[in-house]
Amino acid sequence: MNGLEQVKNAVAGALEKAGIRARIAYAPGWAKAYAEPVVAVGLRTGESRGGALSSYLGQRTDPDTQASQEVYGMRLELTMSLDIYCPPRDGTAGCDSVLEALHQIILEGLPSGLKPMELKWEEAAWDKDTAMFLRRGSLVCSAYFVATASEDGLLLSDFILKGMVTK
């Protein structure tokens with residue numbers, strides 16, 4: 001999974017864990033009417049900071065093999081889209097309610113590799129395409145990734161969002 005997908009999934013996962021329905025924007029079937037509020041998580045803009053070879057972080061010992069591994073880092077500067085869709089019965093107040101919870105999750109519930117800097121939102125309005133109320137939002141954040149080099153030092157493993165548990 002590439003870095004952008006990891007970030008979108010991490011944000012959507014944090015929302016779901018807190019009880020807010022979330023969908024990855026533009027995934028198949030994401031744009032439909034929902035019976036309850038939903039946040040569409042996507043990417044508005046982004047840029048990469050520091051290539052892998054110039055972002056050497058040091059060495060660590062693999063706990064399983066006790067082998068020394070070189071560790072590299074990468075940083076992405078992102079503006080994520082966090083668009084809140086609410087059914088007509090919830091109205092714009094439903095968008096406000098989700099926004100309050102979203103704000104708390106952004107402050108406390110994201111993996112350590114995501115550093116939020118700014119959360120912006122627009123006025124809620126009727127979206128005729130989905131027949132729901134829509135409040136567009138954006139999260140400006142930095143995403144930090146780490147990767148290890150192979151034993152011969154020639155290949156890097158996939159970059160993994162810092163703070164995510166992998167198996």
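**Exercise 1. Which residue in β7 is the bridge partner of D127?**

Solution. Start with D127: its bridge partner in β7 is M132. Next, place the strands (DSSP E runs of at least two residues, numbered from the N terminus): β6 covers residues 125-127 and pairs with β7 in the antiparallel sense over three bridges. Pairing here requires that DSSP finds at least two bridges between two strands. Finally, look at the hairpin of β6 and β7: four residues lie between the strands, and A131 takes a positive phi near 55°.

A word on the model: it is predicted, with local features needing pLDDT of at least 70 and side-chain atom pairs counting only at pLDDT 80 or more, while totals for chains, interfaces and linings use all residues. Residues are numbered from 1 along each chain as its sequence is written, and side-chain values use heavy atoms, leaving out hydrogens and water.

**Exercise 2. Find what stands opposite C86 in β7.**

Solution. First, note that β4 and β7 (residues 132-135) pair in the antiparallel sense over three bridges. Then go to C86, which faces F133 in β7.

**Exercise 3. How many residues does the largest nonpolar core have, and which have the most contacts inside it?**

Solution. A nonpolar core is a set of buried (under 20% relative accessible area, 1.4 Å probe, protein chains only) Ala, Val, Leu, Ile, Met, Phe, Trp, Tyr and Cys residues joined through side-chain atoms within 4.5 Å. The largest has 36 residues, with V7, L15, V41, L82 and L114 making the most contacts inside it. β4 gives the most to this core, seven residues. Apart from this core lies another, of eight residues, including W30 and Y34.

Technical notes
Buried < 20%, exposed > 50% of the residue type's maximum accessible area, 1.4 Å probe, protein only.
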